[in-house]
Amino acid sequence: MYNPLAITGKTILVTGAASGIGRQCAMDFSNAGANLILLDLNQEALEATKQLCSPEVKCYCCAVDLTQADSVNAAIIEAVAAVAPVDGMLHCAGIEKTLPFNKLSDEDYKKIYNVNVLGALNVMKPVMKGKNHGENTHFVLISSITSIVGRPGVAAYAASKGAILSMVKTIALEIAPKGMTINCISPGTILTPLMQQMMESLTEEQRKERQEGFPMGLGRPSDIANTAMFLLSDGARWITGQNIVVDGGYTSR
Amino acid sequence: MNNPYSLEGKTILVTGASSGIGRATAIECSKMGAKVILTARNEERLKETLSMLDGEGHTCTTCDLTDTESIAKMVSELPEIHGLVNNAGFSITSTVPFIKKEKYMELIKVNTIAPVLLLSLMVKKKVMKKGSSCVFVSSVSGLGKASVGNSMYASTKGAVNAFTMASAKELAEKGIRVNAVCAGMVETNITSNLSVSEEQLEADKASFPLKRYGRPEEVAWAIIYLMSEAAAWVTGTELVIDGGRMLK
């Protein structure tokens, strides 16, 4: 069937694929016929993701610490040899720590920045090299609505997600001559298994408060996967340097 | 193969479907499985678009969107609509000192008031229900990124962008989504009719990061994403589609 937004046959690299949004993206991409290179710290959980993916596509798992540029470099070379050059990359890996800004330590700030921002760059740099990428590669980074609206307690996380939003604009201009695009997605609160667990541990009142501001309810991991798939397809080749807000209307309040 | 962007089973109304982005959107929506209802003022060119659609069951209806009665008549005859593409619009260029009230009113009527009233009436008459989606075809000029001479046009689109956000918030309660695509320069008849030389056009294209103008289909595909179930949790979003032109 005609589908200009298809990623069938493309090789897509997903970071943070062992859980949450990253895992769902891997599953949905495999069902759409894309071959996968999955990166995460957690080897066991990564293999579990692979089991959830369609067996019809190639799926290469690689346990690696995204903050270690040399190991990432080696992993990308191996993965490309095993699967194919990268046609699209989705950076889902991210960590968070909720504390008032003056209680967050230097180490907290650095740790969060290293995974959320440098982690993306450490993967993108080797992908940009030589024959590690296909033609018209599309990059998608997961930011957050905290990059555009305030939420008490997430200063380090918000700053890292804001960094993604800013760097996407510059990188878009740098890679455009190669016909490549880069965009970010800013999700609102997504009901990942972890978030679901967290919500269940709350009192009714706390739960209400957490859901407040989401007139269409909380999001599903597939809501993000579908938007990422659109941006990774050639149908979105005229969109670059943008932040796509997927938040069920939260920021239009 | 799973296709979350399929429009199978949906009926989509496209305004301004006789040319440019509207025509391309109608064609692409039909290829994605939608039943399409086309509307514009010019019946002849509308029929031409109709003949270009894929599949069966598409219709066209002429409507003067600046006329409240004409809108009311069309809406009263519509079946349930799952997607509204509010695309009809045009541009009048003028530098600031030469802005004329009549021209400005004409622009506001077509670019701002007509799409707002159409959505309003379709929701009121329950032609659009829970799960439906409206996309305003807006412009990067509505975000303040306008070329000289386009200030009137920019202000009509700025109003559309503000309405998109405000109505998205309100209609979310009804489960109706409202988004805007803010398109940059796209190769349509409007650009090919501009009074600039071929060389000037080429120089302008070279100033784009991707070294070309957009194509109507590329805007259509973004609209399809927003119309589809893939965007079921996307509302109040301004999707800029301009080849990176406005990043600098």
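I began with Lys126(B), which sits in the loop between α4 and β5 of chain B. Helices here are DSSP runs of H or I with at least four residues, strands are runs of E with at least two, and both are numbered from the N terminus. This is a predicted model, where local features need pLDDT of at least 70, side-chain atom pairs count only at pLDDT 80 or more, and totals for chains, interfaces and linings use all residues. Residues are numbered from 1 along each chain as its sequence is written, with chains lettered from A and ligands numbered from 1 in the order in which they are written.

I checked the backbone of Lys126(B) and found a positive phi of about 60°, although Lys126(B) is not a glycine. Is Lys126(B) buried or exposed? Lys126(B) has 9 other C-beta atoms within 10 Å, so it is exposed. (Buried means 20 or more other C-beta atoms within 10 Å, exposed means 12 or fewer, and partly exposed lies in between; C-beta atoms are placed from the backbone.)

I then looked up Lys211(B), in the loop between α7 (198-206) and α8 of chain B. Lys211(B) is not a glycine, yet has a positive phi of about 60°. Lys211(B) has 12 C-beta neighbours inside 10 Å and therefore counts as exposed.

**Helix α5 of chain B**

I turned to α5(B), residues 151-172. This helix has 22 residues and reaches 31 Å from its first C-alpha to its last, close to the 32 Å expected at 1.5 Å a residue. The expected span is 1.5 Å times one less than the number of residues.

I listed buried residues in α5(B), among them Met152(B), Tyr153(B), Val160(B) and Leu171(B). What covers the buried residues of α5(B) includes α4 (101-124), β5 (133-139), β6 (177-183) and β7 (238-241) of chain B.

**Helix packing in chain B**

How do α4(B) and α5(B) pack? Their angle is about 15° and their axes are 8 Å apart. Axes are lines fitted to C-alpha atoms, for helices over the stretch in contact, and angles run from 0 to 180 degrees between N-to-C directions. The two helices α4(B) and α5(B) are therefore roughly parallel. (Under 35 degrees is roughly parallel, over 145 roughly antiparallel, 65 to 115 roughly perpendicular, and the rest oblique.)

I noted the residues that meet: α4(B) brings residues including Tyr104(B) and Leu107(B), and α5(B) brings residues including Thr156(B) and Phe163(B). By class, this contact of α4(B) with α5(B) has 13 nonpolar, 4 polar and 1 charged residues. (Ala, Val, Leu, Ile, Met, Phe, Trp, Tyr, Cys and Pro count as nonpolar, Asp, Glu, Lys and Arg as charged, and the others, Gly among them, as polar.)

Next came α3(B), residues 68-77, against α4(B). They pack at about 40°, with axes 10 Å apart. The helices α3(B) and α4(B) are therefore oblique to each other. I found Thr68(B), Ile71(B), Ala72(B) and Val75(B) of α3(B) meeting Leu117(B), Leu118(B), Leu121(B) and Met122(B) of α4(B). This contact of α3(B) with α4(B) has 7 nonpolar, 1 polar and no charged residues.

**Toward chain A**

I looked up Glu218(B), in helix α8 of chain B, residues 216-227. Glu218(B) is buried, with 24 other C-beta atoms within 10 Å. What does Glu218(B) touch, not counting residues up to four places away in sequence? Glu218(B) touches Arg237(A), Trp238(A) and Ile241(B). Contact means C-beta atoms, placed from the backbone, within 7 Å.

Last, I took the contact between the chains, with 37 residues from chain A and 33 residues from chain B. On the side of chain A that touches chain B, α8(A) gives the largest share, 4 residues.

How values were computed. Contact = placed C-beta atoms within 7 Å.
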